[in-house]
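Please read them with the structure open beside you.

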Amino acid sequence: MKIIAVHKKVPFTLRRKDSTNLIGIKKLEGLLKTPQFNKASSIKPVFDEITPVESVKEVEVKHNPISSMLLRDMKDIVYLGTLEGVEILKNETKDKILKILQKDYKNNSFYPISIEECRFGKLMENLCYNKNWDDVLLKNNEEYYYQSLEYNKALAEEILGIYKFGDIIWITDPLHFSLPKILREKISDIKIAVSFLLPFPSFDKFSCFSHPVEIIESLLQASYIDFQCKNDLTNFVDFAKINTKCSYKNRTIKHKREVNLSINPIALKEDLPKKVLASDLAKNCINELKCLHKNKKIVVSVSKLDSNHLISIYKSINYFLKHFNTDVIFVNLELSIGEYNTEEKAEISRIEDYLRFNGYDENFKRLCVPDYKYYAYLSLADVCVVLDDHIPAIRDFTFINRNKPLIVNKMIRLEKNNFIKVNPKNEIKLANKINDALKSEGNTNYNIEIFNSSVSKFISKIKKGVKKKLTLEKVIPENKLDLIKEKYSSAKKCAFIFDYDGTLTKIVDKPENAFPSDVVKIFLKDLSEKNKVIISTGRDKATVDKWFPKELEVYAEHGSLHRFKGDWSYLSEVHGWKEYAREVINYYVERSPGSLLEEKETSLAFHYRNCDETIQNKQAQACVASLLTTFKDFKQLEVHEGKCVVEIKPSGKNKGDLIKLILEEEDYDFIFCAGDDVTDEDMFIEGRLKDVFHSVLVGSRESYAKYKVNTPEDLINFVKELVK
């Protein structure tokens, strides 16, 4: 089981080897568009660097700076999203390197995709942060919404390409809020977790957005949703209850399914910042900065590239320098997060020129720096200002400079804190707060709490939240079998996999009497002439050789034995256990009239179909318990229950392995798989995500199969009609 974190961008960047760029090419291009004449001299070298790369050898993948990462310290997670920096590649080189990285995604911990993003996610983010309302209310939001649906449909296909049964899909970006419904329609029991890392808007604001009810209904297809604070959870529940007629109790919301809700703040540990500060680079940088800014107070502000509070910070700097103290150095550290805001940066440039013309050119800096410099500045800061809703920056400062004042936006979503809060739109009050904070050095009133949360607990909460009992997909009515006919008619290479007992022949009281009839033999022979035919059965080697011709490929004993062109091979084998298992099973055979022990090459089975119904379940459960107790230290063995049978066999092999092998190593464009037993569910599960895979349950019960027929006779007649 793995967690697939679906994020707009993976936390890696593709760069030219030896490149010193601190932000991506797209953001650099945004900088070039900024209308400021005094940057003209820097345009040409930047353009020169954006010349396309032709060879894979010229580039390398680098992990993004820790300081700019919202999700950090996360292990056993595969990030799926776009890879920043691919713009520097020619198209053919881009396709080549993406395929290389996708193939090795398990080692790299990320799976890069190439799907053009749409604007809808950015509008949703603006709504959450209560900014750029003109954009949020645009009439063409309708168009953006439908673009996002197409984007998420394409994204769903990428996800299913690496998804395995039991994986958790973790959605963290508003661009993907339509994804839960799309995924749920494809896989009814998929585990989906959604984390609201942004504030959830109030009822009146969210109602103004395009298709708010559809977005909520999609989110309610998730298994689990968490929020950063109680207020966000309340806003979500209020909107959902009014617009979807759902019910809510004990942090469980019921609509078409049950969804667990939770408050689960982003987990960050102080280990990483301290580790960076312990490096020689950071130590040398700190010494240099101490010499450079000797006898000066340092005020550090942290902002994102798309911050809408930077102008307020610069206006407060101007007010502070005019009215208070000029022996202060203001350093703004810009994190490579978000889109480059060209209009705002043009205004910033004008304010910087104004400050220079007033003689304050030595009192401010705006920098985009690597991690070691970022943490070096934070460690030296006498006051820190964070007005953006970027929790990691706030916690970074508390980790490494916990006794110094921290000024934050009064709308901050961290509960139980004693930060200095300010209205970011009031520049004069911000300047006053900075001045008071600088004077209060050593004042315990400004000591701030430590937010050092466990990443393992954060992930465990997500895993626990999605672990509700899986709802099996309901069987599809028989008349839907016409869909299989459509697929088969256009297929060029086909494979048919059948279980035997209960699938091609009826279940009989005595297993030895279930030999194939002439009808079954002729059916298999005719079908094999133009198609690949495989029998996947729990039967033993001797029975298979006796009943089926050597030309027919067979996987026996639930995938532990393989016969190909008459030759047998062991796929799983464990020695030294059968004597003890035989003793346990015989104990129950002696006490269960009508039962029997079946001994196979790789397994032993306790059959109790012919026992009195009043003792069947009791004896079966007792046998299972005894086998599990006896072999609790045998990790190579497992106990399975089937239709009136308990079987002990080597672990790690089941019928699903056959389907996995065919899907991975063969290029079939049509795979038909039929079975009746619970052991056949392994086959249905393994192939259910593939469009070429068509699974049929023989019988009527809850199953992972896509279709169903009632009897073995119905199955044979359907396949005959299919291939006619």
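1. Which residue in strand 5 does Ile4 stand opposite? Ile4 stands opposite Ile169 in that strand. Before going further, please note that this is a predicted model, in which local features need pLDDT of at least 70 and side-chain atom pairs count only at pLDDT 80 or more, while totals for chains, interfaces and linings use all residues. Residues are numbered from 1 along each chain as its sequence is written, and side-chain values use heavy atoms, with hydrogens and water left out.

2. Strand 1 is mostly covered, with 11 of its 14 residues buried, where buried means under 20% relative accessible area and exposed over 50%, with partly exposed in between (1.4 Å probe, protein chains only). Helices (H or I, at least four residues) and strands (E, at least two) are DSSP runs, numbered from the N terminus, and two strands pair if DSSP finds at least two bridges between them. Strand 1 pairs in the parallel sense with strand 5 over four bridges and with strand 3 over six bridges, and in strand 3 the bridge partner of Ile4 is Val78. With strand 2 (residues 59-63), strand 1 runs antiparallel, joined by five bridges, and Leu14 has Val61 as its bridge partner there.

3. Helix 19 (residues 455-465) has Val455, Phe458, Ile459, Ile462 and Gly465 buried. Seen down the axis of helix 19, these buried residues fall within an arc of 125° (taken from the directions from the helix axis to the C-beta atoms), so they line one face of the helix. The face turned away from that buried side carries the exposed residues Ser456, Lys457 and Lys464. The buried residues of helix 19 pack against several strands, among them strand 1 (3-16), strand 3 (77-84) and strand 5 (168-171), with contact meaning heavy atoms within 4.5 Å.

4. The largest nonpolar core has 56 residues, of which Ile225 and Phe236 touch the most other members; such a core is a set of buried Ala, Val, Leu, Ile, Met, Phe, Trp, Tyr and Cys residues joined through side-chain atoms within 4.5 Å. Helix 7 (residues 141-162) supplies the largest share of this core, nine residues. Leaving aside neighbours within four places in sequence, Phe236 is in contact with residues including Phe196, Phe200, Ile225 and Leu261. Apart from this core lies another, of 36 residues, among them Tyr488, Ile535, Ala674 and Val709.

5. Strand 12 (residues 328-335) is mostly covered, eight of its eight residues being buried. Val328, Phe330, Asn332 and Glu334 point one way from this strand, whereas Ile329, Val331, Leu333 and Leu335 point the other way. Strand 12 runs parallel to strand 11 (residues 297-304), to which eight bridges join it, and Val302 has Leu333 as its bridge partner in strand 12. Strand 12 also runs parallel to strand 13 (residues 364-367), here through four bridges, with Lys365 in strand 13 as the bridge partner of Val331.

6. A further sheet is open and has eight strands, in the order 21-20-19-18-17-26-27-28 with mixed pairing. Its edge strands are strand 21 (567-570) and strand 28 (707-709), each of which pairs on one side only. Within this sheet, strand 18 (residues 532-536) and strand 19 (residues 553-556) run parallel and are joined by three bridges, and the partner of Ile535 in strand 19 is Val554.
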